[in-house]
Amino acid sequence: MWPFDAFVSPKKLRAAGVLGMNARNYKVISHFNKRSLYPLVDDKVQTKTLANKIDINTPKMIGVVEHQYEVTDFLSIVKGHSEFVVKPAHGSQGKGVLVIKKYADGVFTTASGKVLKFKEVYQHISNILSGLYSLGGQYDVALIEELVHFSDAFQNFSYQGIPDVRVIVYKGYPAMSMMRLATKESEGRANLHQGAVGVGLDMRTGRAINAVSHNVPISIHPDTQADLMTLQVPLWKEHLMIGAQAYEMTGLGYLGADIVLDKERGPMMLELNARPGLAIQIANGFGLRDVLKKIDKKYPKNLSAEERVEYVLNNG
Amino acid sequence: MKRFFTVRHTLCLFLLAAIIFSCVATYYKIAYWGFSFRPHEKTDVWTIDAHIIFEPTGEPIEVSLSTPRIGNEYKILSEDVIAAGYDVRKDDKNYRMFMSSKALRKKQNIYYRIMLYDNEDTAGKIRDDRAPTIQKPVFENEQQEGMVNAIWELSEKIDGETKAERIIKLLNQDVLEPEVDAFLPVRKTPKIMAEKIIYLLSVKKIAARVIRGVYLKEKRHAASADLMLEVYEGSKWKVYNIFTGEEGLPKNFVVFQRGGVSLLDVAGGRNSQVKFSVIKSVISSFKMAGRRAKYENSRLFNYTIYNLPMHEQNTLKWLMIFPLGILLVVLMRNVIGISTMGTFTPMLVAMSLVKTGFFPGLICFGLIIAFGLLIRTWLTRLNLLLVPRISAVVIFVILIMQFLTIFGYQFDFKIAASAVFFPIIITAWIIERACITWEEDGAKNATKQIVNTSIVAVVTYLVISNDYIRHVMFAFNEWNFVILLLVMLLGTYTGYRLTELKRFAPLVKEK
C-alpha cells in the first residue's frame with residue numbers, strides 16, 4: 001500500500017504515540033510556554049541567577065563581559081582561575097563555547113590541547129559580543145564560568161566532549177530523558193544531528209534502554225566500542241530533581257534541561273531550553289505524545305518538585 | 001457550545017464564507033465584467049462607418065439615419081457623428097440620428113461611426129401583436145398567376161419548417177427549376193430577391209419586409225447595406241436569410257433599420273446614398289471590463305484594482321501572486337517539512353527567477369553563490385566581527401554581479417546579464433548561512449540546505465511564473481482571502497510532516 005519503504009504511514013506513527021513538530025509547536029509549546037518567559041532560558045546569565053536562588057547546582061559564574069571595552073579587563077576577571085569556560089549567554093547547541101583547561105603565564109590551553117594567546121581569546125570574546133554565536137546575530141554578552149570536571153562514570157561512553165543528560169519536563173514532571181554522547185564525527189559536540197549518539201534512559205532508574213546514531217538503533221559506541229546498554233546514570237534522582245525544579249523556576253510547561261555530572265559537585269544544570277527537539281523520541285524508541293497524554297490525564301496535580309520526582313520514580 | 005467555537009472551527013467557518021464569497025465574486029466578474037480565466041482573452045471591437053453622400057438641392061437640409069438599437073445583441077462602445085456645420089440630435093426612443101443644416105451647395109459627406117463589441121447570438125424575433133394588414137396582389141395576367149401557383153407547388157417538395165423558408169430555398173437552388181428561372185430576373189441582386197420573396201409570400205397573405213443592416217465581416221469597404229427578410233409568423237416577426245432561408249438573426253449582423261421606417265432620409269438633397277465600412281480591431285478583454293461594468297451600471301468597478309492606472313495595476317498584479325507563493329512556502333515547511341535557509345528566501349529567489357528567466361537565472365545564481373562562498377571562506381580566516389563581515393559579503397555580492405554583467409556583455413553571454421536581478425542582501429545572507437552551516441554541521445548539511453532551498457525556489461517559480469495562474473490570481477483576486485484563511489488554518493495543523501514519516505520511522509515497531 002505505502003509506496004515508499006523509508007516512509008511509514010501517519011496512522012502508524014500516531015499508533016506509536018509519536019509527537020510531531022507541528023503538534024509540539026501548536027499543542028504543547030504555544031499552550032504551555034509563555035513567550036515572555038523565553039528570555040529566562042535563552043539568556044544563560046539569567047538562568048544561572050534564577051537557579052542559584054533556589055539552590056539548583058550550576059557551574060559557578062566567574063564573571064560576565066558585557067561591553068567591548070571590558071574585554072581588555074578579561075584577565076583581571078579570570079585572575080586566580082587556572083581553568084574556566086567562556087560561552088555566549090545567548091548561544092545554542094554549544095556554539096562559541098571556549099574551554100580553557102589550563103591558564104598560566106598568559107598562555108591558554110584549550111580542551112583539545114590547542115595553545116592560544118591572549119589576543120586570540122580576546123578575539124573570541126569580541127566575536128561573542130558582536131553576536132557571532134547568538135540567534136539572529138543580536139548583541140550578546142560573554143559568560144565566564146568554572147570548568148565542569150565531569151564524572152568518570154561515562155569515561156568510556158563518550159569520544160571526547162562532555163556527555164550530558166537531557167530531561168524533557170512536562171508540567172513539572174520529568175517525562176523523557178536521554179544521554180548524549182559525543183563521537184569522532186560530532187567532533188566532541190553532543191548534538192544528534194551532528195552525529196552524536198543518543199541513549200534513551202529509563203525514567204525510573206536512569207538505565208539505558210535504547211541507543212541510536214543517525215536515527216539508526218545501535219548498541220555499541222562507534223568510536224569507543226563501549227556497550228551502550230550497560231550505561232547507568234548515577235545520582236538519577238538528583239538529575240530528575242533539577243528538571244522538576246526548573247519548572248517552578250521558569251514557569252515553562254514544556255522544557256528541556258541539560259544536565260552534566262560533576263565529579264565532586266554532582267549533577268549540575270548547564271542550560272535550559274524552551275523548545276527542546278524531538279530526536280529524544282528516536283533515542284528512546286518510543287513516542288513522547290503518549291507520555292504527555294499520560295501526564296495530562298493520570299498524574300496528580302499540585303505536587304511539589306520532590307513529590308513529582310518521587311511519583312515518576314515509582315510510576316514512570 | 002464552547003467546543004464548537006475552537007480556533008479551527010471558526011477558521012473553517014470563515015474559510016467557507018471566503019470560498020462562497022470568492023465564487024460569487026468570480027461569477028459576477030465573468031458574467032458582468034467579461035473577465036475570463038484565460039490570460040490573453042481578446043475582445044473583437046467592430047467599427048462600423050456609415051458614409052452618407054448626397055447633393056444639396058439648395059434648400060435647408062435635414063438628414064436622418066436609422067441607427068442600431070441598444071439591445072442584448074451587442075454593447076456599444078462609442079457612437080459618433082462627423083458632420084461639420086450640422087446640428088446633430090439623437091432620438092433615443094426611435095434610434096434615429098438627425099443632422100440638420102442650412103442650405104448648402106457642395107456635395108455633402110456625413111459620417112456616422114459606431115463601435116460595438118460583445119456581439120452575441122440572439123433569437124432576433126420581435127413580438128408584435130398588431131397583425132399587419134396585407135393586400136393580396138392582383139395578378140397582371142393568367143400566365144403570371146400560373147407561374148406563382150407552380151412555384152408554390154414546387155415549394156411543397158422542399159425541406160423546410162415554414163412556408164417562407166421553403167420559398168427562399170426554392171429560389172436559391174443551385175440549379176433553378178424552369179418555373180423559378182422564368183419568374184426571377186437575370187440580375188439577382190439581394191434587393192430584387194427580397195422583393196420577389198415578399199411578393200410570393202404576399203400571395204399567401206404572409207406579411208414580410210426587408211431589414212437593413214451590416215454584416216460584421218472584415219475587409220468590408222464602402223458597401224451598401226446588407227439585407228435580411230423579416231416575416232410575420234404567429235404574432236412574431238422572424239428574421240430569415242434571403243439566400244439560405246436560415247431563420248434567426250446571425251451573431252454578426254447589426255440591424256440599422258427594421259420595420260416601416262426608412263434607413264436614410266434626406267430632405268434638401270438628392271442622389272443620396274449610404275455606404276458601410278467595417279473594421280475589426282482586437283482589444284484585450286481586460287481593458288473592456290470597465291466599459292462592460294459601466295454598461296451594467298456596476299459602480300463597484302471603481303473600487304477595484306482594475307480601475308487603477310496601468311502602472312499601479314502592474315505593480316499590484318505582481319503583488320497578487322505573492323499570497324500563493326506564501327501558501328506554497330507554508331505547505332513546504334509545515335506539511336512537507338523541508339527546511340530551507342530563511343523562511344521566505346526561496347520565494348524571493350523564485351521572484352528573481354521570474355525576472356531573469358529560468359535557466360539563465362539559475363546558472364547566474366549558482367555562480368554568484370559559488371564565488372560568494374569562496375570569498376566568504378577566505379573572510380572566515382580574517383576573523384572579522386559579524387556586522388562588518390556580512391557587510392563585506394554584501395559588497396562582494398555587488399561586485400560579483402557587476403563583473404558578471406560586464407563580462408556577460410563583452411562576450412555576448414546573455415545569461416550573465418541577469419545577475420543584477422537577484423536581491424543583494426538575501427543573496428549575501430544565503431552565502432553567510434551556507435558558510436556557517438558548512439563550518440558547524442559539515443559540507444553535507446550545507447549542501448543539503450542549499451539544495452532544499454533551490455528545490456523550494458524552483459517549485460515556487462514554476463507556480464508564480466505561470467501566466468495562467470498569475471492572470472487568475474490578479475483577475476480573481478478575491479481568492480486571496482481563501483489563501484489567507486488556508487494559511488491561517490495551516491497554523492492549526494498538528495499532523496505529521498511528510499519528512500517526519502521518514503524521520504520517525506524507526507519508532508514504528510514492526511510486528
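**Two chains, sheet by sheet**

Biologist: Hi! In which sense do strand S12 of chain A and S13(A) pair, and over how many bridges?

Modeller: Strand S12 (residues 254–262) of chain A and S13(A) pair in the antiparallel sense, over 7 bridges. Keep in mind as we go that this is a predicted model.

Biologist: Got it. What joins S12(A) to S13(A)?

Modeller: A hairpin does, and it runs through 3 residues.

Biologist: Which residues in S13(A) stand opposite Val260(A) and Ala257(A)?

Modeller: Val260(A) has Met268(A) of S13(A) opposite, while Ala257(A) faces Leu272(A) of that strand.

Biologist: Where do these two strands sit in their sheet? What's the order?

Modeller: The order is S11-S10-S9-S8-S7-S12-S13 in chain A, an open sheet of 7 strands with antiparallel pairing. Its edge strands are strand S11 (216–217) and S13 of chain A, each of which pairs on one side only.

Biologist: And how are strands held to each other in general?

Modeller: Strands of a sheet pair through backbone hydrogen bonds, and the pairing can be parallel or antiparallel.

Biologist: Back to S13(A): why is it largely enclosed by the rest of the structure?

Modeller: Because 6 of the 8 residues of strand S13 (residues 266–273) of chain A are buried.

Biologist: Let's hop to chain B. What's the strand order in its open sheet of 4 strands?

Modeller: There the order is S4-S5-S2-S13 of chain B, with antiparallel pairing. Strand S4 (87–91) and strand S13 (264–267) of chain B are at the edges with a single partner strand each, so one side of each has no neighbour in the sheet. From one strand to the next, the twist averages 15 degrees.

Biologist: And strands S2 and S5 of chain B, how many bridges do they have?

Modeller: Strand S2 (residues 61–66) and strand S5 (residues 96–101) of chain B pair over 6 bridges, in the antiparallel sense. In that pairing, Ile61(B) stands opposite Ser101(B) in S5(B).

Biologist: Zooming out, how is each chain divided into domains?

Modeller: Chain A has domain 1 (10–41 + 151–315) and domain 2 (60–145). Chain B has domain 1 (7–37 + 308–337 + 477–502), domain 2 (43–117), domain 3 (126–265) and domain 4 (340–465).

Biologist: How far apart are the C-alpha centres of the two domains of chain A? And domains 2 and 4 of chain B?

Modeller: In chain A, the centres of domain 1 and domain 2 lie 28 Å apart. For domain 2 and domain 4 of chain B, the figure is 65 Å.

Biologist: New topic: which residues touch the most other members of the largest nonpolar core?

Modeller: Ile197(B), Val254(B) and Ile368(B) do, in a core of 101 residues. H12(B) gives the largest share of this core, 12 residues. Apart from it lies another core, of 74 residues, with Val8(A), Phe154(A), Ala182(A) and Ala274(A) among them.

Biologist: What does Ile197(B) contact, leaving aside its neighbours within four places in sequence?

Modeller: Its contacts are Ile167(B), Ile168(B), Leu171(B), Ala208(B), Leu229(B) and Ile242(B).

Biologist: Last one: how many residues are in contact between the two chains?

Modeller: On chain B there are 22 residues, in contact with 30 residues of chain A. Helix H11 (386–410), helix H12 (424–464) and helix H15 (498–503) of chain B each give two or more residues to chain B's side. The largest share, 4 residues, comes from H15(B). By class, that side of chain B has 11 nonpolar, 5 polar and 6 charged residues.

Terms used: Residues numbered from 1 in each chain as written. Chains lettered and ligands numbered in written order. Predicted model: local features only at pLDDT ≥ 70, side-chain atom pairs only at ≥ 80, totals over all residues. Contact = placed C-beta atoms within 7 Å. Nonpolar A, V, L, I, M, F, W, Y, C, P; charged D, E, K, R; others polar. Buried ≥ 20, exposed ≤ 12 C-beta atoms within 10 Å, placed from the backbone. Pairing = 2+ DSSP bridges. Core = buried A, V, L, I, M, F, W, Y, C linked by C-beta atoms within 7 Å. Domains from an automatic or database assignment. Axes fitted to C-alpha atoms, helices over the stretch in contact; angles between N-to-C directions.
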